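Please look over the sequence and the model before reading on.

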Amino acid sequence: MKLLWREAMLAFKRTRTLSVLSITTIAFALFVSGLFGLVALNLRSALRNVAERVEVVAFVFRGTPSQQLQVASDDISAFPEVLEVRYVSEEEALTRARRDLVEFQEAYQDLEINPLPPSLEIRLRPEFRDARHAGEVAERLRGFEFVEDVRYGRDWVERLDALRQIAAFVGLAIGLAFALVSIVIIGVTIRMTVLHRAREIRIMRLVGATDWFIRGPFLLEGIIKGLIGGVVASILCAAVFGAFAAGQFGLGMGLTFFGPLEVIALLLFGMLLGLTGSLVSVGRHLKKV
Amino acid sequence: MIRFTKVSKHYPTGTAPALDDVTFHVARGEFVFLTGHSGAGKSSLLKLMYGDEQPSSGDVRVSGFHIGALKRDEVPRLRRRLGIVFQDFGLLEDRTASENVAFALEVTGTRADVIPARVTKVLAQVGLLHKAESFPRELSGGEQQRVAIARALVNDPPILLADEPTGNLDERATRGVFQLLTDINALGTVVVMATHDLDLVRFGGQRTLELRDGRIVFDSGKDGEGSA
């Protein structure tokens, strides 16, 4: 074990420039992936926040008996898409309007009669917060005889759908592109390492080293490099995130950073990259010698 | 110790065989020169001996190993029974002379506490104890080759293979290395040395195998002289 460690450190020192290069490569690949992950994470939570607001409102004819509404509410709650149904009375609607629509506060102030109809507000389950499902629920609500009109903000729900699709597509495309670039860069670095080590591996073989004796230090070295790359990438991600979060850029929403699990995943991924690189580069040469 | 029986070797790229129907035997305690022009097959012959190549046909036996049937995981065991020396020395540049020698012991899993004594002994044997802590670049060509020979000897191999070990050395260093090899041979180690230095061959007077176009065209051991 001591020998393994010493040999790994020696290999590290021996090819210092290449080592630094491959650490930089791994760090860069992970940094970019990390940044991308951060953007995806925050975009997803932003979209989730917006989607929270997708709801269907059924305006009810004035004077509908509350018992009828109660039964209907229970029916609607049983729809697979529906999370909860809330009855908003005429009075509550007016109170809300006075509170929320500041511009019309005066207009709503001295009304003789309440112009606002009572309504049922229906919140959908997270997986159904899109235009198609909201539309279907709205259609079914129109079937109730006491329902005067149904609204679900069709335009913006459709726009939200489009946004989600774009986000998913762009995410996939950029993710793939970065993965490809990282693999190519790492591949080139490995190739250089292979050429650099050919002689050394050959000498080891000639003095009677077994395959695993030769592999061991190289693999350990790869894992260490990957780990360092992962740490560097995490620090860079945190720095960029910190700078961004401090600026806020008028986003008006809280930004999320990786949890410990995601950071560990990043480090493990780095170690895996380093290990794979070493396995490939040593394996190829062991076969030849 | 070494027995070739009707051995031929074809490389996929070459048109003519590298070795063609080669048969010879090297007995315990022998010193054998392999001579011939570049491309005559000297290196191919040595590669077969240390398991770097497999014969296309025929049978090769080295120190009890059947080279034609050698499995990959048996190669290290064969190599530990051989000492191998090259024209370009093959030393690891970032290790001192003693570390280079110790490396061959570490690789074979020798206990750490016995390594220093064995390294010292073998460096003394090649006359380089005073340069034990020097790096290869601080040594002359002759000294580097002595370190390589020390490394080849440290596992007490019954056979030492040397491929043009004096090819990069001046005449004085050549004589020194050759003397060292004959001393090693005198202690009982079989030495097979490929060279095209005919002066050395004449000077040494050992058994000589001459190769031409992959065939043995002369074997001074056939009529008894030089073979043990």
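**Interface and cavity**

In this predicted model, 22 residues of chain B are in contact with 21 residues of chain A, contact meaning heavy atoms within 4.5 Å. Residues are numbered from 1 along each chain as its sequence is written, and chains are lettered from A in the order in which they are written. Local features need pLDDT of at least 70, side-chain atom pairs count only at pLDDT 80 or more, totals for chains, interfaces and linings use all residues, and side-chain values use heavy atoms, with hydrogens and water left out.

**Interface of chain B and chain A**

- The buried area is about 1900 Å², with carbon and sulfur atoms giving 52%; it is the accessible area (1.4 Å probe) that two parts lose on being put together, summed over both.
- There are 3 salt bridges between chain B and chain A, each a side-chain nitrogen of Lys or Arg within 4 Å of a carboxyl oxygen of Asp or Glu.
- R6(A) forms a salt bridge with E106(B), and their closest N and O atoms are 2.8 Å apart.
- The side of chain B that touches chain A divides into 10 nonpolar, 2 polar and 10 charged residues, with Gly counted as polar.

**Second largest cavity**

- The structure holds 3 cavities of 30 Å³ or more, a cavity being a set of points on a 1 Å grid where a 1.4 Å probe fits but cannot get out.
- About 40 Å³ of space lies in the second largest cavity, the volume being the space filled by probe spheres set on the points.
- Its lining residues (an atom within 4 Å of a point) include E7(A), R14(A), F218(A) and R95(B).
- The lining of the second largest cavity has 5 nonpolar, no polar and 4 charged residues.

Terms used:
On a 1 Å grid over the protein atoms alone, a cavity is a set of points where a 1.4 Å probe fits but cannot get out, and a pocket is an open set with protein on both sides within 12 Å along at least five of seven lines; lining residues have an atom within 4 Å of a point.
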